[in-house]
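Open your viewer and get the cartoon and the sequence side by side. We will walk through a few selections together, one stop at a time.

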Amino acid sequence: MTKNKQKKNKAESKTKKENFKEKFNDLNDKHLRLHAEFENFKRRTAKERIDLYSTAGENILTSILPILDDFERAIKTLENEKENEGMLLIYSKFKTILEQKGLKIMDNPIGKDLNTDYHEAITNIPSPSKKMTGKIIDVIENGYLLNDKIIRFAKVVVAK
């Protein structure tokens, strides 16, 4: 072989090596990116699954809340009657089941400042004293949380 052919072969082998190196680096980069995307996908779907389980019954519980309100109103109107015992038993069982599913009633806000993150002001009435201005005077409907997520705001009356 002549020196020119040897130089030409060395140059070709260097370019082949460089081409293989570039292809290797490209494929390695694609592999790493694909692996990172897959890990992100796994994390995202796991989080979505946990969120779904924690709020799976939200629609059902939201539609049941008016029944719970009706029970509470009926119990208040029948406080002194003997037939109220059966209704109290049904109400307490119903409420216990809902609490086991993650439903919690919001704290009683009477006397506290209006917090629009938790309360919905239905109406304003004149304040009985300066001290009560801007405070909640009455609760029309209780607010509820499902696994610490608000599913219904408390409907309240505020003193102005």
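## First stop: the pockets

Start with the largest pocket, whose volume is about 220 Å³. A pocket here is an open set of points on a 1 Å grid over the protein atoms alone, where a 1.4 Å probe fits, with protein on both sides within 12 Å along at least five of seven lines. The volume is the space filled by probe spheres set on the points, with grid points joined across faces, edges and corners.

Before you select anything else, two notes on the model. It is predicted, so local features need pLDDT of at least 70 and side-chain atom pairs count only at pLDDT 80 or more, while totals for chains, interfaces and linings use all residues. Residues are numbered from 1 along each chain as its sequence is written, and side-chain values use heavy atoms, with hydrogens and water left out.

Now select Asp69, Glu72, Arg73, Lys76, Ile105, Val139, Ile140, Glu141 and Asn142, which line the largest pocket; lining residues have an atom within 4 Å of a point. Helix H2 (58-77) and strand E3 are the elements that give two or more residues to this lining. The largest share, 4 residues, comes from H2. Helices (H or I, at least four residues) and strands (E, at least two) are DSSP runs, numbered from the N terminus. Color the lining by class and you will find 3 nonpolar, 1 polar and 5 charged residues. In this scheme Ala, Val, Leu, Ile, Met, Phe, Trp, Tyr, Cys and Pro are nonpolar, Asp, Glu, Lys and Arg are charged, and the others, Gly among them, are polar.

Next, which residues line the second largest pocket? Select Ile105, Met106, Asp107, Pro109, Lys112, Asp113, Asn115, Tyr118, His119 and Leu145. About 180 Å³ of space lies in this pocket, and its lining divides into 5 nonpolar, 2 polar and 3 charged residues.

## Second stop: histidine 119

Histidine 119 counts as buried because its relative accessibility is 11%; buried means under 20% relative accessible area, exposed over 50%, and partly exposed in between (1.4 Å probe, protein chains only). Show its surroundings: leaving out residues up to four places away in sequence, histidine 119 touches Pro109, Asp113, Leu114, Ile136, Phe153, Ala154 and Val156. A contact means heavy atoms within 4.5 Å.

Zoom out to the open sheet, where 3 strands run in the order E2-E6-E3 with mixed pairing. At its edges are E2 (119-125) and E3 (136-141), each pairing on one side only. The twist averages 30° from one strand to the next, taken between N-to-C directions of axes that are lines fitted to C-alpha atoms, with angles from 0 to 180 degrees.

In which sense does E2 pair with E6? The two are parallel, over 6 bridges. E3 and E6 (residues 154-159), in contrast, pair in the antiparallel sense over 4 bridges. Two strands pair if DSSP finds at least two bridges between them.

Some partners to pick out by hand:

- Isoleucine 125 stands opposite alanine 159 in E6.
- Aspartate 138 stands opposite valine 157 in E6.
- Glutamate 141 has lysine 155 in E6 as its bridge partner.

Strand E6 is mostly covered, with 5 of its 6 residues buried.

Select proline 126, in the loop between E2 and E3. With a relative accessibility of 64%, proline 126 counts as exposed.

Then move to the loop between strand E4 (144-146) and strand E5 (149-152), where asparagine 147 sits. Asparagine 147 is not a glycine, yet has a positive phi of about 50°; at 38% relative accessibility it counts as partly exposed. Aspartate 148 is in the loop between E4 and E5 as well. Its phi is also positive, near 65°, and at 60% relative accessibility aspartate 148 counts as exposed.

## Last stop: the whole chain

Finally, color by secondary structure to see 3 helices and 6 strands, in the pattern α-α-α-β-β-β-β-β-β along the sequence. Buried residues make up 19% of the 160 residues. Among contacts between residues at least 6 apart in sequence, 64% join residues at least 24 apart.
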